[in-house]
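Work through the exercises below with the sequence and the model side by side. Each task is followed by a solution in steps.

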Amino acid sequence: MGKHLPTADPLLRLQASITARDDRLLGWLYDHGVLTTDQIAAALFPSLDFTQRRLRRLTALRAVDRFRPNKADGGSHPYHYVLDQLGYDHVHAQRGLPRGRRDQARRRKHSLTRRPDLPHLLGGNQVFIDLAAHARTHPHSDLVRWQPASAYHEPGTLYRKGANPHLILAGATGLPRPDGAGIWAEHDRSVPFFLEYDTSGENLQVLIDKVIKYERLHLLSTWAWPVLLHLPSARREANLHHRIAGTGLKAVIATTTAELRTALAASPAHQLWQLPGRTGRHRLIDLPYTDTHHDDQYPTHDQPTPDERAGQ
């Protein structure tokens with residue numbers, strides 16, 4: 001009898017089967033936990049049918065896994081996708097990380113299915129997904145970077161050389177912990193930003209306390225990014241602006257609402273962002289920031305100064 005051929009390594013079989021688009025999806029799931037079928041379709045694929053076929057293939061390869069949360073009024077939500085174990089192993093290999101625990105995927109899926117703030121996580125992810133979807137259909141736009149909340153959980157992550165050393169010592173209680181951060185680019189210009197995704201599930205004072213923490217970061221630091229506050233309603237937005245009016249904020253706070261975006265069918269890249277004490281709304285790319293490190297890393301042509309952008 002002939003010798004049996006060795007079984008192909010499942011990770012090698014996966015790596016031989018996936019595309020650059022799959023790589024991006026697996027990286028997103030590694031960093032941001034969970035995405036729905038509709039979110040994945042909007043950001044990465046030409047159609048929902050194409051998306052579903054590809055996700056079935058990635059599920060069969062054990063790159064991703066899925067679950068469907070139940071709705072409170074009956075029925076279930078669309079499929080929610082997370083990394084399966086081979087997906088973790090692939091991302092670790094791509095990023096030069098040591099191979100993870102063998103039960104990493106199972107433990108994380110278990111955590112996500114029981115996560116009480118899952119709608120908040122998906123909502124924050126949706127803002128970035130909408131930017132990625134906008135970039136997919138606008139050739140001169142790009143979501144250059146999408147960082148998860150966990151990127152800012154460790155002490156000292158907000159410190160840069162020359163800033164007040166108290167940024168290292170203050171800890172999470174005195175400094176902001178954004179729901180995410182990103183870099184948006186259009187036509188040789190770019191803007192870094194933080195995101196705070198608000199569902200109005202907390203008292204307005206909690207949101208104001210977050211603004212105060214960003215103000216503290218601005219005063220202690222050598223750089224300042226706009227803070228995007230994505231609010232559910234015009235009423236919530238008006239109440240927030242009323243509460244912070246006349247406080248002399250130096251931090252760049254920019255607000256928009258889910259109501260406005262729905263009414264206009266607008267992307268976060270569009271002219272939706274309101275700055276306290278100023279009339280009109282601004283495009284994301286036009287929001288002011290101060291960050292020489294960003295400008296060195298992402299050189300641009302004819303980049304407006306913060307004062308010029310604030311006056312637009």
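**Exercise 1. The sheet**

How many bridges join β4 to strand β5, and in which direction do the two strands run relative to each other? Then place the pair in the sheet.

Solution. The model is a predicted one.
Step 1: β4 and β5 (residues 180–186) are joined by seven bridges and run antiparallel.
Step 2: The open sheet holds five strands, ordered β4-β5-β6-β7-β8, with mixed pairing.
Step 3: β4 (141–148) and β8 (253–257) are the edge strands, as each of them pairs on one side only.
Step 4: From one strand to the next, the twist averages 30 degrees.
Step 5: Helix α10 (residues 234–244) packs on this sheet and touches β7 (227–231) and β8. The direction of α10 makes about 160 degrees with that of β8.

**Exercise 2. One alanine**

Decide whether alanine 133 is buried or exposed, and find what it touches.

Solution. 
Step 1: Locate alanine 133 in helix α7 (residues 118–137).
Step 2: The relative accessible area of alanine 133 is 17%. Buried means under 20%, so alanine 133 counts as buried.
Step 3: Leaving out residues up to four places away in sequence, alanine 133 touches Ala42 and Ala43.
Step 4: Alanine 41 is 92 residues from alanine 133 along the chain, yet their C-alpha atoms are separated by 8.8 Å.

**Exercise 3. The nonpolar cores**

Which residues have the most contacts inside the largest nonpolar core, and which element gives the most to it?

Solution. 
Step 1: The largest nonpolar core has 49 residues, and those with the most contacts inside it are Leu25, Trp28, Leu35, Ile40, Trp184, Leu228 and Leu284.
Step 2: Helix α7 gives the most to this core, namely six residues.
Step 3: Take leucine 284 as a case. Beyond its neighbours within four places in sequence, its contacts include Leu131, Trp184, Leu228 and Trp273.

**Exercise 4. The cavity**

How many cavities of 30 Å³ or more does a search of the whole structure find, and which helix gives the largest share of the lining of the largest cavity?

Solution. 
Step 1: The search finds one such cavity.
Step 2: The volume of the largest cavity is about 70 Å³.
Step 3: Its lining includes Phe194, Tyr214, Trp223, Val227 and Val252.
Step 4: Helix α9 (residues 204–220) supplies the largest share of that lining, three residues.

Notes
Residues numbered from 1 in each chain as written. Predicted model: local features only at pLDDT ≥ 70, side-chain atom pairs only at ≥ 80, totals over all residues. Heavy atoms only, no water. Pairing = 2+ DSSP bridges. Helix = DSSP H or I, 4+ residues; strand = E, 2+ residues; numbered from the N terminus. Axes fitted to C-alpha atoms, helices over the stretch in contact; angles between N-to-C directions. Contact = heavy atoms within 4.5 Å. Buried < 20%, exposed > 50% of the residue type's maximum accessible area, 1.4 Å probe, protein only. Core = buried A, V, L, I, M, F, W, Y, C linked by side-chain atoms within 4.5 Å. 1 Å grid on protein atoms, 1.4 Å probe; cavity = no way out; pocket = protein on both sides within 12 Å on 5 of 7 lines; lining within 4 Å. Points joined across faces, edges and corners; volume = space filled by probe spheres on them.
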